[in-house]
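Trainee: I would like to learn how to read a model like this one. Can we take it feature by feature?

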Amino acid sequence: MKVLTLNFLTCAVKACKTTSASFPLVPKECELVSDTIAPNPTLLTNLLPRVDWPALGSIAVALGFPSLSPLPPTPADLENDTKMMADLHTLLLETQISEGSLVCANCGHEYKVKEGIANFLLPNHLV
Amino acid sequence: MMEYMIRFTQVHETFRVPEIKALAVLRGIDMEILSYSPSSPFCVVKLPSAEAAAQLVKRSILVKAAYELWGSGSSYEDLHDNVRGHSEHLWPLYKKNTFRFSVDSFQGTRSTTEQKKLIEGFRFLGFEGPIRMKGAEQEFCLLEEWQFNCAKLGVYEPQSVHLGRFICGSDRDSINKYDLKKRKYICTTSMDAELALITANITLADTGKLFYDPFVGSGSFPVACAHFGALAFGSDIDGRSIRGKGKSKPNLLSNFVQYGITDQFGDSFVADLTNTPLRKARLFDGIVCDPPYGVREGLKVLGSRDPTKGKEPIIRDGIAHHQMDSYVPPKKPYSFLAMLDDILEFASVSLVDNGRLSFWMPTSNDEDQEIKVPEHPCLEIVSICTQDFNRWSRKLITYRRIPDSKVVHTVREERVKENGVSADDLNPFRKGYFKGFKAAFR
């Protein structure tokens, strides 16, 4: 599962979704792998406004990446800074969680990730 | 503005105009349809330039080719006059080019001798370049429209004829590339390649966009969206369809590998749309899906059939049952119509402004058993296409997310909820299907 996807996901429990603690899910005992993906500046520019930047910052640190700037780059910043573009491409699109769990900081429920596929099905008592 | 002839294929008639209109929106091309009838594959449009015509049809699935229209008539004499009057200024441009002519007769046939004679009738164009049957710089086509069943009716001349200069072919070859028969991983409900690609076009899949299919199965739609350059995401309540089975495991991702489009693979995860883990934000440019309507694939969501059951976690020998690897959460049948409402609500929350939602919906061909097209105040219906089967048909319905400033808030009509817990009670279509649509609703 990509770091980008992690930025789109919260706890599936309905009562948690309205709380701020449920996002981002906290990676626990995660193994990371990295794919090589062709750079796609159009995609990166389009998706940045949809990324929750503070959450991305905290996930980056939790996964052992250098901390991000406090504010997201503007499209112009990105265009002028090829290194920033490459770093974000690596973090958001190339880095994958292959094994581990994602934990909701509100209810404590753990979602398992196996072979890169996260499972968000809830047990009956949480539906 | 110049007139162009769009030559469609003779399949999926109701999808033709929605596809071509979607491509015009996608490429920002000002297109006016001057003449078109679903019974004919010829469509005359007005476009700003030949370049625009090429952009328009290049990735179409239902178009065969686009031509610059040099003239039209109800007979060849008529056509000759029309070409002389309308396009004489164009002739010198191609005077020295290598060229070829061909004849395209819809609902009619022409022997090669006849074809040769018809083509020779255009000698007056004054082309001097050598003829090349392969790799000619310019290709001209005589497009003929014959009355249906003309041979039997004793009709020996077409109703109308056109002369066109070939501009661009379409993306029909991709149907073969993505043919399900050659795909490594499919399931019983995989969408055929042609319709999946058309759906991706109508939903405006393109480079730099994010697409999502909440009922992904073996990934037919994400693959089609990825073909057009979108980053494609998918989820399914059935993890097996995503992970694949067995040790060697062909799976959803292996389809992306097979077609060399892994850079366009967003992600896949196991989830139930009625308990989605996606956060409430405008994340996607397009949502495409074929929700299970309960015939081949049961429609289920998380939860127990008995609402009083399972409210506490089960703990055995100090281990919570639901934390074990072997745990499979219970699922219950769900109403198809309720699911459609959920999809619309999800799309209104998750699509960017002007982003599109397309989904497939089955319906009986009996009027009194027809399923109403669902509506949502934030979503405007863009097109409805129908694929007909014998007693039922399925529709591809496409919506556009209206920007919030343009939404007229009306009170949403509450749908009458289906009672019952069994799949048949919840899904009138399923019930009708298995009863052969006879008195299923009475």
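Trainee: What covers the buried residues of H2(B)?

Mentor: The cover includes E1, helix H1 (13–27), strand E3 (42–47), strand E4 (63–73) and strand E7 (160–169) of chain B. The residues concerned are B:Ala52, B:Ala53, B:Ala54, B:Leu56 and B:Val57, in helix H2 (residues 50–57) of chain B. Buried means under 20% relative accessible area, exposed over 50%, partly exposed in between (1.4 Å probe, protein chains only). Helices (H or I, at least four residues) and strands (E, at least two) are DSSP runs, numbered from the N terminus.

This is a predicted model: local features need pLDDT of at least 70, side-chain atom pairs count only at pLDDT 80 or more, and totals for chains, interfaces and linings use all residues. Residues are numbered from 1 along each chain as its sequence is written, chains are lettered from A and ligands numbered from 1 in the order written, and side-chain values use heavy atoms, without hydrogens and water.

Trainee: Is B:Arg7 buried or exposed?

Mentor: B:Arg7 counts as buried because its relative accessibility is 3%. B:Arg7 sits in strand E1 (residues 2–8) of chain B. Beyond neighbours within four places in sequence, its contacts (heavy atoms within 4.5 Å) include B:Phe42, B:Tyr67, B:Asp104 and B:Leu143.

Trainee: What is the strand order of the open sheet with E1 in it?

Mentor: Strands of a sheet pair through backbone hydrogen bonds, either parallel or antiparallel. Here 7 strands run E2-E3-E1-E4-E7-E6-E5 in chain B, with mixed pairing. Strand E2 (32–35) and strand E5 (99–106) of chain B are the edges; each has a single partner strand, so one side of each lacks a neighbour in the sheet. Neighbouring strands are turned by 35° against each other on average, direction ignored. Pairing requires at least two DSSP bridges between two strands. Strand E6 (residues 138–145) of chain B and E7(B) have 6, in the antiparallel sense. There B:Phe140 faces B:Arg165 in E7(B).

Trainee: Which strands does helix H3 of chain B lie across?

Mentor: Helix H3 (residues 76–87) lies across E4, E6 and E7 of chain B, at about 90° to E4(B). Axes are lines fitted to C-alpha atoms, for helices over the stretch in contact; angles run from 0 to 180 degrees between N-to-C directions.

Trainee: What is the order in the open sheet that contains E10 of chain B?

Mentor: The order is E10-E9-E8-E11-E16-E18-E17, 7 strands with mixed pairing. Neighbouring strands are turned by 15° on average, direction ignored. H11(B) packs on this sheet, touching strands that include E8 (210–213) and E16 (351–364) of chain B, and its direction makes about 170° with that of E16(B). B:Leu340 lies in that helix, H11 (residues 336–350). B:Leu340 counts as buried because its relative accessibility is 1%. Leaving out residues up to four places away, B:Leu340 touches B:Pro291, B:Phe359, B:Met361 and B:Pro374.

Trainee: How much area do chain A and chain B bury between them?

Mentor: The size of an interface is often given as the accessible area lost when the parts come together. Chain A and chain B bury about 3400 Å² (1.4 Å probe, summed over both), 56% of it on carbon and sulfur atoms. In chain A, A:Arg50, A:Leu121 and A:Asn124 lose the most area, together 21% of what that side buries.

Trainee: How many salt bridges are counted between chain A and chain B?

Mentor: The count is 1. The term needs a side-chain nitrogen of Lys or Arg within 4 Å of a carboxyl oxygen of Asp or Glu. A:Arg50 pairs with B:Asp285, the closest N and O atoms being 2.7 Å apart.

Definitions and conventions
Buried area = accessible area lost by both parts, 1.4 Å probe.
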